[in-house]
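Please look over the model below before reading on.

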Amino acid sequence: MELMSNAFSFVKSHKGFLKLLSRMENKWLGVLVSTLFTGMIQSSGATMSILLSMAKQNMLGIKACTGLMLGANVGTCVTGMLAAIGQTREAVRLAVALLLVRIVATAMVLPLQDYFNDLVAMLCGVSATSTDPAEVTIFLATSHTVFNCILAFSAMPFTSQWAAVVRMILPDESHRPSRLTSVRISKATDKKPQKLRASRSYGASPPSGSSGASTSTPKS
C-alpha cells in the first residue's frame, strides 16, 4: 500500500489533474474521478486537504464539492480492501461491508444532492449557491462531516441485516473433504459389499466337485 501511495504521490501536485478536478460540475463524473484519485493515493484525508486548498483558491464550486467529497469517502475503502488480502474471512467481510455501505450511501445522496446541499448550507450558515471561496471551503468541510454522521446513524439500526447481506455475499468456507480423501472413502465402502456378497454366495452353494463325494453307493 505504501508503494502504491508513493507511486501516485505526484498526482497531488499535478496541475493538469488539479485543473480537471476543478471542472467536475458533473456530480457522477466527480464521484468517479475522486474515487480513483483517492484509491491511488490511499488517503481520503489527503484528497480532502487538496480539495479544501483548491476551494480556498476559488478553483471549486459548491456543486463540484459534493461529488468530489463523496468520491473521497468511497475511494478510501480501497485501503481496507488491500489490507484484507490474505487475511481472515472476517477481515475480508469487514472491508467489503465498509465498501458496500459507502457505495449505497453515495448512490442515495447523489440524486438528492440539492437537498443535501441545502442541509449542509443551513448547518454551516452559508448559501447553497455561494461562490465565495471562504464559504465554499466551510461548506466542503461541513459536508464531509455531515455525510459521515448521516451514514453512521442510518446504518446503526440495520447492522444485523447488513451483516447477513455480507455473509450471503461471502459465505463461510465449507469444510469439504479433499478429492483424494473422498476417492479413498468411496473405494473403502465399495470393497465391503463385494466381500459380503462373495461370502454369502459361497455359503449358499457348495463348491464344485464336492457333490460327487456326497452321493451314496448303490446296493449289491
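Which residues in α7 are buried? In this predicted model, they are R93, A95, V96, A97, V101, R102, A105, T106 and V109. To read such a list, recall that an α-helix has 3.6 residues a turn, so residues three or four places apart point the same way. The buried residues of α7 have several packing partners: α3 (27-41), α5 (62-75), α6 (77-83), α8 (113-124), α9 (133-155) and α10 (159-169).

The length of the helix can be checked as well. Helix α7 covers residues 89-109, which makes 21 residues, and at 1.5 Å a residue it should span 30 Å.

Along the chain, A107 and L70 are 37 residues apart, while their C-alpha atoms are separated by 9.4 Å.

In soluble globular proteins, nonpolar side chains tend to be buried together. Here the largest nonpolar core has 34 residues, and the members that touch the most others are L51, L60, M69, L70, F116 and F147. At least two residues of this core come from each of α3, α4 (44-56), α5, α7, α8 and α9. The largest share, 7 residues, is supplied by α5.

What does M69 touch, leaving out residues up to four places away in sequence? Its contacts are M48, L51, F116, L140, S143, H144 and F147.

Notes. Residues are numbered from 1 along each chain as its sequence is written. This is a predicted model: local features need pLDDT of at least 70, side-chain atom pairs count only at pLDDT 80 or more; totals for chains, interfaces and linings use all residues. Side-chain values use heavy atoms; hydrogens and water are left out. Helices (H or I, at least four residues) and strands (E, at least two) are DSSP runs, numbered from the N terminus. The expected span of a helix is 1.5 Å times one less than its number of residues. Buried means under 20% relative accessible area, exposed over 50%, partly exposed in between (1.4 Å probe, protein chains only). Contact means heavy atoms within 4.5 Å. A nonpolar core is a set of buried Ala, Val, Leu, Ile, Met, Phe, Trp, Tyr and Cys residues joined through side-chain atoms within 4.5 Å.
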